[in-house]
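This report gives a plain description of one protein model. Please look over the sequence and the model first, then read on.

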Amino acid sequence: MSETGKKEQRVILIAIFALLAIFLVVPLFFILYRSFGGDAGFSVSAYGDILGTAQFWRAMRNSVCISLLSAALTTLFAFTIAYTVNFTRIPRPLRAIAHLSALLPMLLPTITYGFAIIYAFGKKGLLTRTLFGGHQLFDIYGPAGMTIGYIIYTLPISYVLINNTLQYIDPKYQIISRVLGDKPARTFYTAIFRPLVGTLATSLIQSFFFSFTDYGIPMAVGGKTDMIATLLYDEMLGSLPNFSRGSVVAIMMLIPSIVSVLLLTYMERFNIRYRTRSEIEPAKNTARDIGWGAATFLICFMVLGIFAVIFIVPAVKSWPYRLTPTWEHFNDVLTDSELTKTYFNSIFTAVMTALFGTLLAYAAGLVSARSRLSNRPRRALDTFALVINTIPGMVLGVAYMLTFSGSSLQGTFFLIIVSTIIHYFSTPYLMMKEALEKMDASWETTACLMGDRWLQTVWRIITPNALRTLAEIFRYYFVSAMVTVSAVIFIVGADTMVLTTKIKELEHFEEFDDIFVLSLLILITNLAVTGIIKLLTRPRRKAAAV
């Protein structure tokens, strides 16, 4: 490669590291700085104040226990759906419904789940009235409500992991096991469960991590149960803010997060994937299909039943007292200039986040997978991605609030966009890197021999072949920006309010009809963008030979 190409790669690498230093390293340093007293001088008193309180340890215990329980149940439910989709013979339309039901929650903010649970399982809730004869099964404000919310929140994450692995497990090994005389339980263990152990553990850890660090669900249905996320919010933005104590809570939140990522790294060695998969239809087994199909139907029915609330409640006069159909609530939102402005703020933020986030992930992937630079800077990018994966959104939001408070960036769209890009950087970067590594390694060499510069090669050859992955990254960033709440809640301003933070504000006034209408706007927008991306990236059929 020419010196010009290497200079281009170095410039891109320096720009990426500068961005990560300014908007990741420096803000995290500010949290550490404030936890030790900040401008008042070095002190560990804030650590003593927090670690010496029963409330902190109660919040930590509650967060760990509820998140672990939710993660275990999520992994069980996700496996049930994924197994039904891949290894039973239930009708294809039902499999498609199960697949879509498992992915649906990722298109809405977690704060919406909490309110939907209230209207589904509350004393006058939809499911309470229709299925349970008006008898409330449990107290929705507390561990039970949060467990349901966390399961819904992490179900898509867990399902995608397990479903992707099951698609690489060859069904012919079940046939071989049965031919060898194994009993059904033994066949299930050797051909399905054993190759899936690493993925199941990964699902458990990922689901725990996302539940432990979520703020939206505890805020909606946490009630009087102390949780670490709500404790951090109260310390930072409560009636009596204390930034030093809040910084300590933020740092303590990093510990389980770091442990989770270390465990994920360790569990990678247990993942098994077959290079090829036989296209063999599962053997006929009516009992299996009915059993797994019924379990999957029940899980999907509960998920869809909760989400039905979002459609039904704003479509009637006043739930549950006046059930006359009406478009009044939709008209109120769509004609409210403040709410429509908030919606367009969210669209603008999501589009800008998707555009520049995709550009950053592409640049980082190119430097890591398609450059001739030394291994050290490329390993550094991988390390940054790993570190970012350990940082909860709330911690990043607190870091930005402490770092940029009083500056010209405070409360700006720029800060919201950058924070979201950094927060979700790991997955797009790894997606891009994996896609680029699979491409022909000789393209740059051939182009260089023909006189092209490295950037010309990237533009003419690599980019056209990476369009599908770039589109998926754009979709991922867009949807993530539309539903995120944990980080932006600390850095939005009055003029830069987005839908998720507006929903948090409307909760104080109990404007649940408006909340569900705004949630539907988020859902419809995410579905539209997802559909457009799928349409644009679907494989084109080759023209029939003449």
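In this predicted model, 80% of the contacts in the chain with a separation of 6 or more are made by residues 24 or more positions apart.

The overall dimensions can be set beside that figure. For 546 residues, a compact globule would have a radius of gyration near 24 Å, and the 25 Å of the chain agrees with this. Taken along the principal axes, the box filled by the C-alpha atoms is roughly 70 × 70 × 50 Å. As for secondary structure, the chain has 23 helices and two strands.

Next comes burial and surface. Among the 546 residues, 54% count as buried. The chain exposes about 25800 Å², and 63% of that area is supplied by carbon and sulfur atoms.

Charged side chains are the next topic. The chain carries 46 positive and 33 negative side chains. The centres of these two sets lie 11 Å apart.

How many disulfides does a search of the whole structure find? The search finds zero. A disulfide is a covalent bond between the sulfur atoms of two cysteines. Two cysteines of the chain are listed below with their accessibility.

| Residue | Relative accessible area | Class |
|---|---|---|
| Cysteine 65 | 47% | partly exposed |
| Cysteine 300 | 7% | buried |

Cysteine 300 counts as buried because its 7% relative accessibility is under the cut-off of 20%. Cysteine 65, at 47%, is partly exposed, because that value falls between 20% and 50%.

Conventions: Residues numbered from 1 in each chain as written. Heavy atoms only, no water. Disulfide = S-S within 2.5 Å. Buried < 20%, exposed > 50% of the residue type's maximum accessible area, 1.4 Å probe, protein only. Helix = DSSP H or I, 4+ residues; strand = E, 2+ residues; numbered from the N terminus. Rg over C-alpha atoms; globule rule 2.2 N^0.38 Å. Contact = heavy atoms within 4.5 Å. Areas by Shrake-Rupley, 256 points an atom, 1.4 Å probe, with all protein chains shown as cover. Lys, Arg positive; Asp, Glu negative; His and termini not counted. Charge placed at Lys NZ, Arg CZ, Asp CG, Glu CD.
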